[in-house]
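The questions below go through a strand pair and then a chain interface. Look at the sequence and structure before reading on.

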Amino acid sequence: MVVVAAFVLQFVFWLLLSGVFTPFLVAAGAGSAIAVVWFARRMDMVDVESFPLVMWRTTFHYWPWLLKEICKSGWTVTRIVLDPKLPVSPTLVRFRPLQRTPVGLVTHANSITLTPGTITIEATPEEFLVHGLTRDGAHGCVDSEMDRRVAALEGAP
Amino acid sequence: MTVGAQLVVDVASWALLLAGGFFSVVGALGLLRLPDFFTRMHGASVTDTLGAGLILLGLVLQAGLTLVAVKLLFLAIFIFFASPAATHALVKAALARGVKPQLAPEDPTSKP
Amino acid sequence: MFAAAALALLVAVALAIVRAVRGPTVFDRVQAGNTIGTIAMMLMAVMGFLAGRPEFLDLAIVYGLLNLVGTIAVLKFFRRGDLGAPADGET
């Protein structure tokens, strides 16, 4: 299943970059995709972590919410940067995330980093270390709605 | 497509392009103005997410339903996966090499 | 209108270059370089539309991939290797 997904991804990427659909080029793309997947399998790189199929079904109502959050905090950071007084209060917070699987942890850490104003410095199952541009922004990451939403995503079988 | 619908799409994509350019400049300005390395990352993050996302969305509206639009969407999704990876690697490397973040003074929970 | 967006992106590149020149740590420079790479990628996409040649997008995609790999390669070098820099990351 994961192998098929890897093949489809490589093949679609070939078609996207080529944009020419003659039989020879499509066959060459399929051959290249098979070769790449075969090499990746020999390197033990094709696994659930690189193709988290579990997340795909639930992804579509998480991403719009994440985009909304990015717009909101992006506007906050914009106002701080354009403010002549530059009202920053950089803060580090540590907290324990709710997620248990590696994919869930990476999703949560990347979501925090994507939202302007907060950056994940360290991400382990026991503890996240987050740097925030403002004190409110940093403390907003502790026990956040994002934490619960990502945990709900990985909870789906 | 009728002329009216074309006009609406054009105006929307121009607005998105201008907003994307604005946020890109704001992000670069943040990179310049903010006081230390860790806070500068937040400025760059505005460019990587809002600036790139809005400009590419504006271009998608101009491209219509073609392969070009699919390429633009791929580019946007790629930035959204790659930018946190690069940011995380940067911050971790900086912290490992001993760059200390400036912290707000009166915060009881901070421990670098 | 593409020209306006391209102009804004050029201003952003100029600001990022100032940060890359001023430093002060090597990580500031790498960060500025990464931002310049992202902006250059968008600039390529916009220029493709400005010139009516969307093939520029392929260049933008490849540039984006190289930008990520390049940033992480440089970081690995500065984290593991030593160029005779003092331990606090000053160049």
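**Strand pairing and the C–B interface**

Q: How many bridges join S1(A) to strand S3 of chain A?
A: S1(A) and S3 (residues 128-132) of chain A run antiparallel. Strands are DSSP E runs of at least two residues, numbered from the N terminus, and two of them pair if DSSP finds at least two bridges between them. The number of bridges joining S1(A) to S3(A) is five.

This is a predicted model: local features need pLDDT of at least 70, side-chain atom pairs count only at pLDDT 80 or more, and totals for chains, interfaces and linings use all residues. Residues are numbered from 1 along each chain as its sequence is written, chains are lettered from A in the order written, and side-chain values use heavy atoms, without hydrogens and water.

Q: What is the distance between the closest N and O atoms of C:Asp28 and B:Arg40?
A: Between chain C and chain B there are two salt bridges (a side-chain nitrogen of Lys or Arg within 4 Å of a carboxyl oxygen of Asp or Glu). C:Asp28 forms a salt bridge with B:Arg40, with the closest N and O atoms apart by 2.5 Å.

Q: Which element gives the most to the side of chain C that touches chain B?
A: Helices H1 (2-22), H2 (26-50) and H3 (56-80) of chain C each give two or more residues to that side; helices are DSSP H or I runs of at least four residues. The one that gives the most, with 14 residues, is H2(C).
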